[in-house]
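Welcome! Take a look at the structure first, and then read on.

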Amino acid sequence: MARRKLLGKENTVSPSAQLRLADAPAYASDTADLGDLLTLVGRGDERAFAAVYDALGSSVYGLARRVIRDPSRAEEVAQEVFIQVWQSAARFDASRGSAKSWVLTLAHRRAVDAVRHDQAATNRENKYDWSNGPDFDEVEETVTISLEHEQVKRCLEGLTELQREAVNLAYYKGYTYAEVATALGANTATVKTRMRDGIVRLRDCMGVEA
Amino acid sequence: MSIDLHSLMAPYALDALERDERTRFEAHLDQCVDCQAELAGFMATAVRLGDAVSHTPPPALRDRLLSEITQTSQERPVVTALAQRRSLRRTLPRLAMAAAFLVGAVGVGGYVVEHENASEARNDKVAISQVIGADDVATSAKSFTAGGTVRMYASPSADAAVIIAHDMPSPGKGKVYQVWMIDKSGPTSQGTFVDDGEMIMKGVAGADRVAVTVEPQGGSKQPTSAPVATIPV
């Protein structure tokens, strides 16, 4: 498949790219404003791109990995996300949200699209290829909270069970609200309401400006 | 609209909408200033959830990206991008309405662009969004009872058409779907896909219709079976 090839194709940095990066003064990603860096990326600044990657690489990869689970697939998706950042950085508009928000929103959507696409492909294979049989290795794991970030963890724990599961299944597993409803044995209207109540409560708990 | 779009805001912020609903919500969002303000807080909250699960990526990823961007073209800045965004937004409600008429048009996310060359694929993606966002775009589709949709967006001003196949039933082992553009001189192959695919066809002015056939892996020079779908251009 095309995307597998994309990943495997360029395992080495071309000498010219290395040279350019080594020669240039590095941007300190922890001090420079990410929004300013993204603006530079939009103008084709490769060092700014490296700084954005250094600042957000583990957030993007971690999110992809959390949603997708398969580390190599998550790596592919993280790569796609950063290529998209490179391509469309000129569209970033600081008045509509932070740079981190922009990149992580792209990343989450891509991860969710990938996991749904892969699931649809698996369903099709199971439907049409009888010889494969059901996949016994795949264990549906119960939703657990093992987050690094203490505040987020605490805020999630402050939700009702239905709210928490609705948010968890949707955000961290890529379920649509209809799938969440099926998984929880609730109707879709209830699930939408729980998601809303859950987000409002999280927002207030985390101190996000409304 | 029959369903309360406002109730989709939380699912939207969590990316818990099907693709068609996502499109519909975004069209609604454009006209709803109150929603935009509230959504910003919801999105920022979701970002915090995302940021709480960071994980150090393999070092090779950085190297690969820094190498790849040296060969990757970028979208042009602000003026062009804004104009494109406006024209896309204006078109979205119409597209969403067209989609609502398609029985069984389930939009399970994601697609595979079947191209060997990645940068060519990316250029195509830009061209594809230009066709779909064109002011004069017209859509037509064929849905299959067993599931799956082939949808076409044609724009006379761009002299191009986009074919998007979603969730197609398996064509069978060792088989692929092949897309043909048919004009007076006969069918011309446009490419192949298996379950999902997205492709752009240029120079459609003289074309009569687009057909999809099932062919052996790798595709055929000429169609070897009756079309499973035919869409007039």
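Apart from neighbours within four places in sequence, Ala111(A) is in contact with Leu63(A), Ala64(A), Val67(A), Ile68(A), Val77(A) and Gly174(A), where contact means that two C-beta atoms, placed from the backbone, lie within 7 Å. This is a predicted model: local features need pLDDT of at least 70, side-chain atom pairs count only at pLDDT 80 or more, and totals for chains, interfaces and linings use all residues. Residues are numbered from 1 along each chain as its sequence is written, while chains are lettered from A and ligands numbered from 1 in the order in which they are written.

**Helix H3 of chain A**

- Leu34(A), Leu37(A), Leu38(A), Val41(A) and Gly42(A) are buried in H3 (residues 34-42); buried means 20 or more other C-beta atoms within 10 Å, exposed 12 or fewer, and partly exposed in between.
- Seen down the axis of H3(A), the buried residues fall within an arc of 145 degrees (taken from the directions from the axis to the C-beta atoms), so they line one face of the helix.
- Helices are DSSP runs (H or I) of at least four residues, numbered from the N terminus.

**Asp4 of chain B**

- Asp4(B) sits in the segment before helix H1 (9-13) of chain B.
- Asp4(B) is exposed, with 9 other C-beta atoms within 10 Å.

How values were computed: Helices (H or I, at least four residues) and strands (E, at least two) are DSSP runs, numbered from the N terminus.
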